[in-house]
Amino acid sequence: MTKVLMAGIDLHSNNVMMGIVDEQGRRVAHQKLPCDLEQIVKFLAPFKRRLRSVAVESTYNWYWLVDGLRERGYPVVLANPAGMEQYNGIKHADDKSDAFFLADLQRLNILPTGYIYDPQLRPVRDLLRRRLGLVHQRTALMVSFKSLHQRTTGQALSLSRVKAMNAEQAGELYEHPANQLIAQVQKEHIEQLDKSIGRIERAVLGEVKKLPCYERLNTLPGVGRILGMTVTLETGEIGRFKSAGNFASYCRAVDARRTSNDKGKGRNNRKCGNKYLGWAFVEAANFAKRYDDQSRRWFDRKAAKTNVALATKALACKLAKAAWHVMAQNVDYDADRVFGRAAGSQVKGLAQALGN
């Protein structure tokens with residue numbers, strides 16, 4: 001009764017399969033239960049003191065189970081399904097074997113795990129993600145609104161004019177009642193989405209301002225209020241990234257390739273990482289190359305050697321690495337460290353040195 005145990009939980013939308021093994025890999029217990037936290041805790045309770053860890057498969061609905069078990073003192077880890085692969089020649093596999101597979105990976109200390117985000121900040125992060133979905137809906141409605149006008153009248157309608165008019169004015173653009181109705185409905189939806197997006201932004205900003213790295217991230221070129229909130233919330237604990245390169249990889253800002261004997265052997269998983277951070281730093285790069293002198297000069301040199309798309313991605317990688325230093329070292333953005341000192345500054349510094 002003193003042997004250490006490991007538990008694996010194969011999580012589904014309406015049930016869980018649990019399996020427990022000891023240090024020698026012997027199967028101690030298993031049970032299939034509905035997605036009910038109290039029943040799961042009741043099954044694990046007799047083994048709680050001996051459990052070294054409980055692995056929960058990272059599916060779309062893991063929040064309730066991981067948070068609930070951690071609140072009750074269970075040592076929970078989040079298993080990364082993308083990093084696990086059973087022997088593909090196995091003849092029989094089911095939920096029971098999957099649960100014991102998770103437990104065995106823990107026993108062997110080779111379980112690939114994921115990051116468990118702070119449960120207090122996670123809803124704020126998810127709220128900001130929902131904002132992006134609403135922005136996509138609003139953009140689709142604006143494109144449809146402009147397309148209708150151009151199909152009907154042959155004239156292009158500027159985006160500024162679409163934003164300025166109200167629903168009644170939108171209906172007056174057309175003679176046919178059906179076109180009037182769809183224009184009014186679309187404009188009403190656009191206005192409602194504007195209000196909803198604004199509410200979300202204000203709520204998220206109120207929480208993000210309490211975090212120490214948000215204001216410093218806003219010193220990066222191309223990073224404003226929305227991108228600063230995105231980077232802050234999507235990053236979580238910056239200490240989980242050992243280096244700037246690791247963080248840039250998580251932001252999908254590095255190349256993904258596979259080579260052997262200096263020959264290309266295909267592409268690795270270029271989508272591995274956080275798609276929201278990937279979007280944020282590409283957006284920041286596009287703004288930086290337009291409005292920041294040093295970023296634009298570096299981008300122009302890179303684009304001359306490669307192409308615009310690759311140069312934009314390279315600038316995004318630089319900004320991601322700079323963001324890691326800002327957050328990990330709690331310092332403001334330093335353009336000279338990112339791009340090197342400008343030639344004029346170097347000459348001036350040399351002249352001052354010679355003068356002294």
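I worked with a predicted model, in which local features need pLDDT of at least 70 and side-chain atom pairs count only at pLDDT 80 or more, while totals for chains, interfaces and linings use all residues. Residues are numbered from 1 along each chain as its sequence is written, and side-chain values use heavy atoms, with hydrogens and water left out.

**Entry 1: strand S2.** I took helices (H or I, at least four residues) and strands (E, at least two) as DSSP runs, numbered from the N terminus. Buried means under 20% relative accessible area, exposed over 50%, partly exposed in between (1.4 Å probe, protein chains only). I found 8 of the 8 residues of S2 (residues 15-22) buried, so the strand is largely enclosed by the rest of the structure.

I then looked up its partners, two strands being paired if DSSP finds at least two bridges between them. S1 (residues 5-11) runs antiparallel to S2 with 7 bridges, and Leu5 stands opposite Asp22. S3 (residues 27-34) is also joined to S2 by 7 bridges, antiparallel; Ile20 has Ala29 as its bridge partner there.

**Entry 2: salt bridges.** I counted 12 salt bridges, each a side-chain nitrogen of Lys or Arg within 4 Å of a carboxyl oxygen of Asp or Glu. I noted Arg72 with Glu38 at 2.9 Å, N to O. Arg72 lies in the loop between H2 (63-71) and S5 (76-79) and Glu38 in H1 (residues 37-44), so this pair ties together parts 34 residues apart in sequence.
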